[in-house]
Amino acid sequence: SKQKKYKHYRITLEDAVKQGLAEKNKGLHTICQTFEERAAAYVQDKKDTSVNEQVYLQEYMCEVLGASTIISEAIYNKCIIPNFKVSRDDYTLDKDKCGPLFMGVDVGRSELGDLTVIWVLEEGLDRTQKNPKLMKTYRTILVRTLRGISFETQFEIISSLIVGKVRKCCIERNGLGMALAEQLEKKFYDRLIPFNTTQPSKALVVERLSGWVHQERVALPPDADLKEDLMSMSRIIMPSGRLTYDGRTSTSHCDGYMAASF
């Protein structure tokens, strides 16, 4: 039989704006005076609000997302606040001095090579940011690593942190985390968000945290072990061509990265 002939079309965002895409959409770019200025502002807005450059290239420039380390040391260092100490020594928060808080929990047990990590972010507002989509910022104020602790004790520790200004707590519900997530959801039904880790959902949260870091919208702790944890997460292309995410250190399976990304 005769082979069918196919045509391949490739239209990038930049190609589309040259054909008038920016003129058909509302946004801040419309205040610009000329066609060229509106087109450039429209493209810049998409770059600014993409989670990172790699995702922008994939979604808007028709380029395949390749395997790579997600957060480099240079990018991580830009997100460290000089002389700011992230609490790690106790299980309390001075919530009267905090803004709105958001918490992520990655559940594990040390005998399986995983840790339970609690990561708390304080929401802020960058009023110098011209793009309103990028005004919200997040500062790491507390990280807890639980080793060899029973789920009953973990429940008490997590509960004590949620009480107060924690608006949302997202906790892994897969496997070991299922019972703990169900208990916490009963107690904090209005604030607890169970998270089912699948390949698509993991890609979403991993790339979202990467975006905050690359946009310098999240302040990260200076601790060497947490830094190593976040820098170890990588994009990996499987032999089948499927893109996946994984990473590990001598003490963690990027449990800190996942807790921060929730």
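This is a predicted model: local features need pLDDT of at least 70, side-chain atom pairs count only at pLDDT 80 or more; totals for chains, interfaces and linings use all residues.

Trainee: Which residues have the most contacts inside the largest nonpolar core?
Mentor: They are Trp119, Val213, Leu220, Met233 and Tyr257, in a core of 32 residues. At least two residues of this core come from each of α4 (73-78), β3 (116-125), β4 (136-146), α7 (199-214), α8 (224-232) and α9 (255-261), and α7 gives the most, with 6 residues. Another core, of 25 residues, lies apart from it and includes Ile118, Phe155, Ile157 and Leu184.

Trainee: Which residues is Val213 in contact with, leaving aside its neighbours within four places in sequence?
Mentor: Val213 is in contact with Ile71, Ile75, Cys79, Val218 and Leu220.

Trainee: Why is Glu122 called buried?
Mentor: The relative accessibility of Glu122 is 11%, and buried means under 20%, so Glu122 counts as buried. Its place is in strand β3.

Trainee: What makes the approach of Glu122 to Arg139 a polar contact?
Mentor: The side chains of Glu122 and Arg139 come to 2.5 Å in this pair, and the cut-off for a polar contact between N or O atoms is 3.5 Å, so the distance lies within the limit. The side chain of Glu122 also reaches the backbone nitrogen of Gly99, at 2.6 Å. Leaving aside neighbours within four places in sequence, the residues in contact with Glu122 include Lys97, Cys98, Pro100, Leu101, Thr137, Tyr138 and Ile141.

Trainee: Why is Asn25 called partly exposed?
Mentor: Asn25 has a relative accessibility of 29%; buried would need a value under 20% and exposed one over 50%, so Asn25 falls in between and counts as partly exposed. Asn25 lies in the loop between α1 (13-18) and α2 (35-49), and its side chain reaches the backbone oxygen of Leu21 at 2.9 Å.

Trainee: How do you know that Asn25 and Tyr42 are in contact, and how many residues apart are they in sequence?
Mentor: Contact is judged by heavy atoms within 4.5 Å, and by that rule Asn25 is in contact with Thr30 and Tyr42, once its neighbours within four places in sequence are left aside. Asn25 and Tyr42 are 17 residues apart in sequence, and the distance of 9.0 Å between them runs from C-alpha to C-alpha.

Trainee: What makes Ser201 buried?
Mentor: The relative accessible area of Ser201 is 15%, and the limit for buried is under 20%, so Ser201 is buried. Ser201 has its place in helix α7, where its side chain reaches the backbone nitrogen of Thr198 at 2.7 Å. Not counting residues up to four places away in sequence, Ser201 touches Phe195 and Asn196.

Trainee: How far apart are the mean positions of the positive and negative charges of the protein?
Mentor: The mean positions of the 38 positive and 35 negative charges are 7 Å apart. As for the surface, the protein exposes about 14800 Å², with carbon and sulfur atoms supplying 52% of it.

Notes:
Residues are numbered from 1 along each chain as its sequence is written. Side-chain values use heavy atoms; hydrogens and water are left out. Accessible areas come from the Shrake-Rupley method with a 1.4 Å probe; for residues, only the protein chains shown count as cover. Lys and Arg count as positive and Asp and Glu as negative; His and the chain ends are not counted. The place of a charge is taken as NZ of Lys, CZ of Arg, CG of Asp or CD of Glu. A nonpolar core is a set of buried Ala, Val, Leu, Ile, Met, Phe, Trp, Tyr and Cys residues joined through side-chain atoms within 4.5 Å. Buried means under 20% relative accessible area, exposed over 50%, partly exposed in between (1.4 Å probe, protein chains only). Helices (H or I, at least four residues) and strands (E, at least two) are DSSP runs, numbered from the N terminus. A polar contact is a pair of N or O atoms within 3.5 Å; within protein, one must be able to donate a hydrogen and the other to accept it, and residues adjacent in sequence count only if both atoms are side-chain atoms.
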